[in-house]
Amino acid sequence: MPQGIANQKMHHLPILQHPDRRLRIKASLVEHFDEKLADQAEKMLATMYDAKGIGLAGTQVDFHQRVIVIDVSENRDSPIKLVNPEIELIGETVSNEEGCLSIPGVYDSVKRSDRINVSAQAIDGSALEMEAEGLLAICIQHECDHLDGILFIDHLSSLKRKRINEQLKKTPE
Ligand code: K1U
Ligand code: ZN
């Protein structure tokens with residue numbers, strides 16, 4: 001089986017890989033809450049679980065509308081779907097190791113707020129408010145960054161980013 005098809009089956013939706021320019025597109029607000037949107041969110045969850053991630057943003061699967069999916073639970077049985085999320089930072093700044101399904105094999109510490117307020121919409125368009133802390137808060141910030149075309153490596157020093165990009169150029173796909 002050709003490599004591309006095998007990957008697609010394994011992950012349901014193909015995940016864009018840095019430095020793909022489509023990862024830099026700013027996602028649009030979702031305006032239509034329909035079956036198509038619900039189906040897209042389900043596919044994103046399946047893709048995230050298959051890829052063993054704790055989150056996934058629409059941007060990463062070339063869907064440029066403001067949808068993110070997350071599951072930070074140990075049993076992988078607590079999916080969260082957020083549409084048009086907005087966050088308010090209300091915690092302390094902490095350093096945490098992050099990774100990204102669009103930059104496999106790269107992990108580094110990023111400073112983020114350990115507590116946030118989230119205003120969003122559910123997949124049916126109803127309003128949703130929540131407070132998040134710890135890994136969930138960090139993951140939501142990482143995914144919201146994706147919706148604005150920002151990658152976690154953008155939070156690192158330019159020297160670190162340069163080293164990572166040089167390393168990625170050398171690594172065969
Ligand atoms: O958006 C993504 O690329 C998914 C990403 C989310 C994320 C991981 C870590 C901190 C913040 C956000 C991943 O799921 S990367 C793979 C992963 O499961 C992981 C990596 C490092 C620490 C914890 C989990
Ligand atoms: Zn990511």
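**Notebook: zinc site and sheet**

I looked up two histidines: His-142 is buried, and so is His-146 (buried is under 20% relative accessible area, exposed over 50%, partly exposed in between, with a 1.4 Å probe and protein chains only). The model is predicted, so local features need pLDDT of at least 70 and side-chain atom pairs pLDDT 80 or more, while totals for chains, interfaces and linings use all residues. Residues are numbered from 1 along each chain as its sequence is written, chains are lettered from A and ligands numbered from 1 in the order written, and side-chain values use heavy atoms, without hydrogens and water.

Next I checked the zinc ion (ligand 2). Its protein donors are Cys-100 (SG), His-142 (NE2) and His-146 (NE2), at 2.0 to 2.3 Å. Donors are N, O and S atoms within 2.8 Å of the metal (3.2 Å for Na, K and Ca); water is not among the atoms, so sites may look incomplete. His-142 and His-146 are about one helical turn apart because they lie four residues apart in helix 3 (residues 134–147). Helices (H or I, at least four residues) and strands (E, at least two) are DSSP runs, numbered from the N terminus.

I found an open sheet of five strands, order 1-2-3-6-7, with antiparallel pairing; two strands pair if DSSP finds at least two bridges between them. Strand 1 (55–57) and strand 7 (127–133) are the edges, each pairing on one side only. I noted three bridges in the antiparallel pairing of strand 1 with strand 2 (residues 67–70). Within strand 2, Val-69 stands opposite Leu-56.
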